[in-house]
Amino acid sequence: GKSFVNIGVRQPVEIDRQLPAGIRCTVELEPSAYSKPRGIKGKVVSPSISRGKYDLKIGTSERGDITVEDSKFSLPRYKHCLVVFGGVAGIEECVDADESLGLHGDDSRSLFDLWVNTCPFQGSRTIRTEEAVMISLARLRPFVAKNVESKDAAPKQRQQKIPVEVEFSDDASSEESSSEE
């Protein structure tokens, strides 16, 4: 059988092998995954194999150099992007714990091309990693989409969207409205 894993998108992703529950793995998505809303498939790959492929590495931290709210925030052009999340105490603690890196946690930003705060004004001391993944991917999505559009738009002319006027009224009931108001 095969397993389904949570990679931070709405639906679990089907991978090419059976894995025990709760194990961490690196998943490479099939190329068509980015255009399909459902039924995304991927394969498990070694984390060490993937590292050399990423030309944009983003570290997420509440102590980021820039926030997604900043009007100057953008992503440089890239082919393969990696977004890294730490545990409850952040990437900094993970770096401190990994003696093979020979790096102090305060210097974690040096491992990344961008050191980004994706949850500014979070209002709580910590955010659970599974929440941070969903929030960060949602906040980064418009910037990722611009990168994809710029690749697609180069050879062909973009279609111009024509604005549609929409009226909203509180007076008229809709099909979703309850008749018991």
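Reader: Asp107 first. Buried, exposed or in between?
Author: This is a predicted model. In it, Asp107 is at 40% relative accessibility, so it counts as partly exposed. The cut-offs are under 20% for buried and over 50% for exposed.

Reader: Where does Asp107 lie?
Author: In a loop. That loop runs between α2 (91-97) and β8 (114-117).

Reader: Which residues gather with Asp107 in the surface patch?
Author: Glu93, Asp96 and Asp106. With Asp107 they form a patch of negative charge on the surface.

Reader: OK, whole chain now. How many helices and strands?
Author: Three helices and eight strands.

Reader: And what pattern along the sequence?
Author: It reads β-β-β-β-α-β-β-β-α-β-α.

Reader: How much of the protein chain is buried?
Author: 24% of its 181 residues count as buried.

Reader: Switching to the sheet of four strands. What's the order?
Author: β1-β2-β4-β3. The sheet is open, and its pairing is mixed.

Reader: Which strands stand at the edges?
Author: β1 (4-5) and β3 (26-29). Each has a single partner strand, so one side of each has no neighbour in the sheet.

Reader: Take β3 and β4. Parallel or antiparallel?
Author: Antiparallel, over four bridges. Strand β4 covers residues 41-45.

Reader: What's the bridge partner of Val27?
Author: Val44, in β4.

Methods
Residues are numbered from 1 along each chain as its sequence is written. This is a predicted model: local features need pLDDT of at least 70, side-chain atom pairs count only at pLDDT 80 or more; totals for chains, interfaces and linings use all residues. Side-chain values use heavy atoms; hydrogens and water are left out. Patches are made of residues with over 30% relative accessible area and no salt bridge: like charges are joined within 9 Å, nonpolar side chains (Val, Leu, Ile, Met, Phe, Trp, Tyr) within 5 Å. Accessible areas come from the Shrake-Rupley method with a 1.4 Å probe; for residues, only the protein chains shown count as cover. A salt bridge is a side-chain nitrogen of Lys or Arg within 4 Å of a carboxyl oxygen of Asp or Glu. Lys and Arg count as positive and Asp and Glu as negative; His and the chain ends are not counted. The place of a charge is taken as NZ of Lys, CZ of Arg, CG of Asp or CD of Glu. Helices (H or I, at least four residues) and strands (E, at least two) are DSSP runs, numbered from the N terminus. Buried means under 20% relative accessible area, exposed over 50%, partly exposed in between (1.4 Å probe, protein chains only). Two strands pair if DSSP finds at least two bridges between them.
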